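Hi,

Here is the structure I promised to pass on to you. Have a look through it first, and then read my notes below.

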Amino acid sequence: MSAPPLDTCLDTAHHLADIAGAIAREVWFGPAVTDFKADGSALTEADTRIETRLREVLEARHPDHGILGEEFGGAALDREFVWVIDPIDGTRQFGARLMNFGVLIALCHRGRPVLGIIDQPLAGARYAAAEGLGVTLNGTAIAARQTTALSQATVAIANPASFPEEMREPADAIAQAARMTVYDGGCLAYGALARGQIDLCLNGPDLDPHDICALVPVVEQAGGTITDWEGRALTLASEGAILAAATPALHAQALDRLTRHDPVWIP
């Protein structure tokens, strides 16, 4: 079977986001019930309902593709194309009925993220990107700012509690050098980077592929740079701390500050 063009896959991704958004809104406005997994992480009805439904759609539309989801794991991950789903990125916030959560949908080709959607269904804000097709916010083309100096940058840093002690010093160094710092923006911070509102995003080592893959095309198609803390490209196999910046120069400046410190914490 020949590979589908990316614009066809992007249509699928939008369809998935529509389905996920409808379920997320229904659950968010309903009774606030949150369960917990064995590892202590939060779980809501929306997480499992969304992923179950999206898997059904993908198995029908693209039966020759693999799927990796946060809740139900991976299937056929050795295939050329693999979809990556985080049904609710920011489950704790969703469970508390806050608005800083998103739905993440990605497609990887031979392990490399080539399509990504960051969707906030309550706000009606959808960032969508595919390699060679650019990135849009609700259908309008967007681009990252051209900020090159950390001293002029607005920086989004993940929840400080997500950084182990040995990683706090380099994260604090970034925050102290920035013009302005905001915290715990989650996946939405990466969308804000793509539309030119934030210049740099920094996350600690608690990320998995379903947290990462959708962010990559959104940032890169906006003109930004996104890697791990060692400057390595992000793939379906990536996990841990990541850094994104509006320009290569800003990314290099931030990466230099991170790598000045003792590398014992680098995964």
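Let's start with glutamine 93, which sits in helix α3 (residues 91–95). Helices here are DSSP runs of H or I with at least four residues, strands are runs of E with at least two, and both are numbered from the N terminus. Glutamine 93 is buried, with a relative accessible area of 11%. As for the cut-offs, buried means under 20% relative accessible area, exposed means over 50%, and partly exposed is in between (1.4 Å probe, protein chains only). Leaving out residues up to four places away in sequence, glutamine 93 touches Leu98, Asn100 and Asp184; a contact means heavy atoms within 4.5 Å.

Before going on, a word on where this comes from: it's a predicted model, so local features need pLDDT of at least 70 and side-chain atom pairs count only at pLDDT 80 or more, while totals for chains, interfaces and linings use all residues. Residues are numbered from 1 along each chain as its sequence is written, and side-chain values use heavy atoms, with hydrogens and water left out.

Now the salt bridges. A search of the whole structure turns up 11 of them, each one being a side-chain nitrogen of Lys or Arg within 4 Å of a carboxyl oxygen of Asp or Glu. Here are some to look up.

One of them pairs aspartate 18 with arginine 126, and their closest N and O atoms are 2.8 Å apart. This pair ties together distant parts of the chain: aspartate 18 is in helix α1 (residues 6–28) and arginine 126 is in strand β8 (residues 125–130), 108 residues apart. Aspartate 18 is partly exposed at 43% relative accessible area, whereas arginine 126 is buried at 15%.

Another joins the side chains of arginine 49 and glutamate 45, at 3.0 Å from N to O. Both lie in helix α2 (residues 45–61), four residues apart, which is about one turn of the helix. Arginine 49 has a relative accessible area of 29% and is partly exposed; glutamate 45, at 45%, counts as partly exposed too.

Then there's aspartate 228 with arginine 232, whose closest N and O atoms are 2.5 Å apart. Elsewhere, salt bridges that share partners link Asp18, Asp119 and Arg126 into one network.

Cheers
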